[in-house]
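Here is a short report on one protein chain. Please keep the sequence and the model open while you read.

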Amino acid sequence: AGVAIGPETTPTLARLLLRMTDDAATLYQPAKAAFRRPRPPVGNTRPICVPREKWIETDGSYPSGHGLIGWSWALIIAEVAPEHASAVLARGRDFGDSRVVCGVHYPSDIEAGRYLGSALVSRLHQDPAFVSDLATARAEVAASRVQGAPKDCPAG
């Protein structure tokens, strides 16, 4: 987004994103429990890029919480930094896709997560407190940009 996002530099935006993580869980956890779709590595020994821990066997694959969170965060960050929207949205998409590459989700899991992420953001835009915080977050990002981008994050 051209700025460092975090509690020190963009506290309202950081708080919004963390809130969205909690909100996301209220969407994907019941769906995972209802569908109980086994993850791709269940029942085989093919390589995956995360440790084979208990959650792989017990936590459902559909829909992807990572797909939901990655996409919903990207939508919000793209709103507060529209000049970086293409790159931010590509990164949000890659975040979900990485779960397929790592072998712990199917593509349809990620797509379902993205749909839920879009629905979450749409619903949050109906909340006046969220809209107000979003405006504050936009101002934080603009102020951070004026102060200069971090060395490892090119401004644009």
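In what order do the elements of the protein chain run from the N terminus on? They run α-α-α-α-α-α. That gives six helices and zero strands. Helices (H or I, at least four residues) and strands (E, at least two) are DSSP runs, numbered from the N terminus. The C-alpha atoms fill a box of roughly 55 × 35 × 25 Å along the principal axes.

This is a predicted model, in which local features need pLDDT of at least 70, side-chain atom pairs count only at pLDDT 80 or more, and totals for chains, interfaces and linings use all residues. Residues are numbered from 1 along each chain as its sequence is written, and side-chain values use heavy atoms, with hydrogens and water left out.

**Helix packing**

Two packed helices are described by the angle between their axes and the distance between the axes. Axes are lines fitted to C-alpha atoms, for helices over the stretch in contact, and angles run from 0 to 180 degrees between N-to-C directions.

| Helix pair | Axis angle | Axis distance |
|---|---|---|
| α1 (residues 11–35) and α5 (residues 107–124) | about 120° | 11 Å |
| α3 (residues 65–80) and α5 | roughly 40° | within 7 Å |
| α3 and α4 (residues 85–101) | roughly 175° | within 8 Å |

Angles under 35 degrees count as roughly parallel, over 145 as roughly antiparallel, 65 to 115 as roughly perpendicular and the rest as oblique.

Take α3 with α4. Their axes cross at roughly 175°, and α3 and α4 are therefore roughly antiparallel to each other. Contact means heavy atoms within 4.5 Å. On the α3 side, the contact includes His 66, Trp 71 and Leu 75. On the α4 side, Val 88, Leu 89 and Phe 95 are among the residues. By class, this contact has nine nonpolar, five polar and two charged residues. Here Ala, Val, Leu, Ile, Met, Phe, Trp, Tyr, Cys and Pro count as nonpolar, Asp, Glu, Lys and Arg as charged, and the others, Gly among them, as polar.

Trp 71 and Leu 75 of α3 also meet α5. The α5 residues in that contact include Ile 110, Arg 114 and Leu 116. The class count is eight nonpolar, five polar and two charged. With their axes at roughly 40°, α3 and α5 are therefore oblique to each other.

**Backbone details**

Where is the cis peptide bond? It joins Tyr 62 and Pro 63, with omega about -5°. Pro 63 is found in the loop between α2 and α3. Arg 36 has a positive phi of about 50°, although it is not a glycine. Arg 36 sits in the loop between α1 and α2.

Arg 36 returns in the lining of the second largest pocket. Arg 36, Glu 57, Thr 58, Asp 59 and Gly 60 are the closest to its centre, out of 13 lining residues. Both α1 and α2 (54–58) give two or more residues to the lining. By class, the lining has four nonpolar, three polar and six charged residues. A pocket is an open set of points on a 1 Å grid over the protein atoms alone, where a 1.4 Å probe fits, with protein on both sides within 12 Å along at least five of seven lines; lining residues have an atom within 4 Å of a point.
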